[in-house]
Amino acid sequence: MYIVKTLIQVIVLYGFFMLGSFLRETLSIPLPGSIIGLLLLWALLSFRVIPLRFVEKGAYVFLSTLPLYMIPATVGVMNYGYVFVGKGWLLIVITIGSTFITMAVASLVSQSIAKRQMKNEVLS
């Protein structure tokens, strides 16, 4: 039963991707369909139209295999070695800096959300 439930959740998440792609094509939105689908899912989860338990296990499947999605991009970068000649050190500094900025912003946002949830639980 666990596998069936997880598979259904993966299909639901894929449906959001397809819906986002459809909306992108239909409305000529200048965003990738995957981002539009992600924003739709986020909105529905935020407004509690869809409970988190409806997509949680399926999302875990995607998150647990996330590093595999980076392999094609990494291999693709190898074809553009000439871009890194002479300025490769600058790209390394930018990558490290942007990683730390992303980590800091993510931690601040998650702490803010956790404080808000704790505040809501105390008031309830």
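Q: Which helix gives the most residues to the lining of the largest pocket?
A: First, the general idea. A pocket is an open set of points on a 1 Å grid over the protein atoms alone, where a 1.4 Å probe fits, with protein on both sides within 12 Å along at least five of seven lines; lining residues have an atom within 4 Å of a point. Helices are DSSP runs (H or I, at least four residues), numbered from the N terminus; strands are E runs of at least two. In this structure, α6 gives the most to the lining of the largest pocket, with four residues. The elements that give two or more residues to this lining are α2 (33–46) and α6 (88–123).

Q: What kind of model is this, and how are residues numbered?
A: This is a predicted model, with residues numbered from 1 along each chain as its sequence is written. Local features need pLDDT of at least 70, side-chain atom pairs count only at pLDDT 80 or more, totals for chains, interfaces and linings use all residues, and side-chain values use heavy atoms, with hydrogens and water left out.

Q: How much space lies in the largest pocket?
A: A volume is the space filled by probe spheres set on the grid points, which are joined across faces, edges and corners. Here the largest pocket holds about 510 Å³. Its lining includes Trp 42, Arg 48, Ile 113 and Asn 120.

Q: How do the residues of that lining divide?
A: Ala, Val, Leu, Ile, Met, Phe, Trp, Tyr, Cys and Pro count as nonpolar, Asp, Glu, Lys and Arg as charged, and the others, Gly among them, as polar. The lining of the largest pocket has six nonpolar, three polar and two charged residues.

Q: Which residues are closest to the centre of the second largest pocket?
A: This pocket has about 440 Å³ of space. Of its 14 lining residues, Leu 13, Ser 34, Leu 38, Leu 41 and Phe 62 are the closest to the centre. The elements giving two or more residues are α1 (2–27), α2 and α3 (56–64). The largest share, six residues, comes from α2. The lining has twelve nonpolar, two polar and no charged residues.

Q: Which residues make up the largest nonpolar core?
A: A nonpolar core is a set of buried Ala, Val, Leu, Ile, Met, Phe, Trp, Tyr and Cys residues joined through side-chain atoms within 4.5 Å. Here the largest one has five: Leu 13, Phe 16, Leu 41, Ile 50 and Val 55. Contact means heavy atoms within 4.5 Å. Leaving out residues up to four places away in sequence, Leu 41 touches Leu 13, Phe 16 and Val 55.

Q: Is Thr 6 buried or exposed?
A: Buried means under 20% relative accessible area, exposed over 50%, partly exposed in between (1.4 Å probe, protein chains only). Thr 6 sits in helix α1. Its relative accessible area is 9%, so Thr 6 is buried. Beyond its neighbours within four places in sequence, Thr 6 contacts Lys 57, Gly 58 and Val 61.

Q: Is Ile 101 buried or exposed?
A: Ile 101 lies in helix α6. Ile 101 is exposed, with a relative accessible area of 57%.

Q: Why is the chain described as more spread out than a compact globule?
A: The radius of gyration is taken over C-alpha atoms; the globule rule is 2.2 Å times the number of residues to the power 0.38. The protein chain has six helices and zero strands. Its radius of gyration is 19 Å, well over the 14 Å that the rule gives for 124 residues, so the chain is more spread out than a compact globule. Of those 124 residues, 11% count as buried.
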